[in-house]
Amino acid sequence: MKFDRAKNLVKLLLAFCVVLCVIGIVTAETGSMTPVYASIASFVCFVLSFVVVAVYCKCPYCGKRVYLGLFKATHCPHCRRNFETGVKKKGKR
Ligand SMILES: [Zn+2]
């Protein structure tokens, strides 16, 4: 999986997590099983997003993982290459 796809997948999973949380809260007083399922599914999405980060969010050039600033990162913090173009960032370290 490519870096930008993995990044979008993490965003999607976290969005699902929030949505399911809200569903769980909204349906909490209905007395049905919905809030239980919603909270379980929300937790699963949350865990999955971390799994995707750990497994797929690697720099395509040096293979190191990118955790910090994942959503706004355009350059690898290790080898300073652009994730899309592979061009090295210029300037001082
Ligand atoms: Zn790198």
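Guide: Buried residues make up 5% of the 93 residues in the chain. This is a predicted model, where local features need pLDDT of at least 70 and side-chain atom pairs count only at pLDDT 80 or more, while totals for chains, interfaces and linings use all residues. Residues are numbered from 1 along each chain as its sequence is written.

Visitor: Why is A15 called exposed?
Guide: We count the other C-beta atoms, placed from the backbone, within 10 Å of a residue's own: 20 or more means buried, 12 or fewer means exposed, and in between means partly exposed. A15 has 12 such atoms, so A15 is exposed. A15 sits in helix α1, residues 3–26.

Visitor: What makes R80 partly exposed?
Guide: R80 has 16 other C-beta atoms within 10 Å, so R80 is partly exposed. You will find R80 in the segment after α2 (34–56). The phi of R80 is near 60 degrees, a positive value in a residue other than glycine. Most residues other than glycine have a negative phi.

Visitor: How many helices and strands does the chain have?
Guide: There are 2 helices and 0 strands. Helices (H or I, at least four residues) and strands (E, at least two) are DSSP runs, numbered from the N terminus.

Visitor: How do you know what span to expect for α1?
Guide: The expected span of a helix is 1.5 Å times one less than its number of residues. With 24 residues, α1 is expected to span 34 Å, and its first and last C-alpha atoms are 35 Å apart, which is close.

Visitor: Why are α1 and α2 called roughly antiparallel?
Guide: Their axes cross at roughly 165 degrees and come within 8 Å. Axes are lines fitted to C-alpha atoms, for helices over the stretch in contact, with angles from 0 to 180 degrees between N-to-C directions. Angles under 35 degrees count as roughly parallel, over 145 as roughly antiparallel, 65 to 115 as roughly perpendicular and the rest as oblique. α1 and α2 are therefore roughly antiparallel. Residues making the contact include L13 and C17 of α1 and C45 and L48 of α2; two residues are in contact if their C-beta atoms, placed from the backbone, lie within 7 Å.

Visitor: Which residues of α1 are buried?
Guide: K7, V10 and L20 are buried in α1, and the buried residues of α1 pack against α2.
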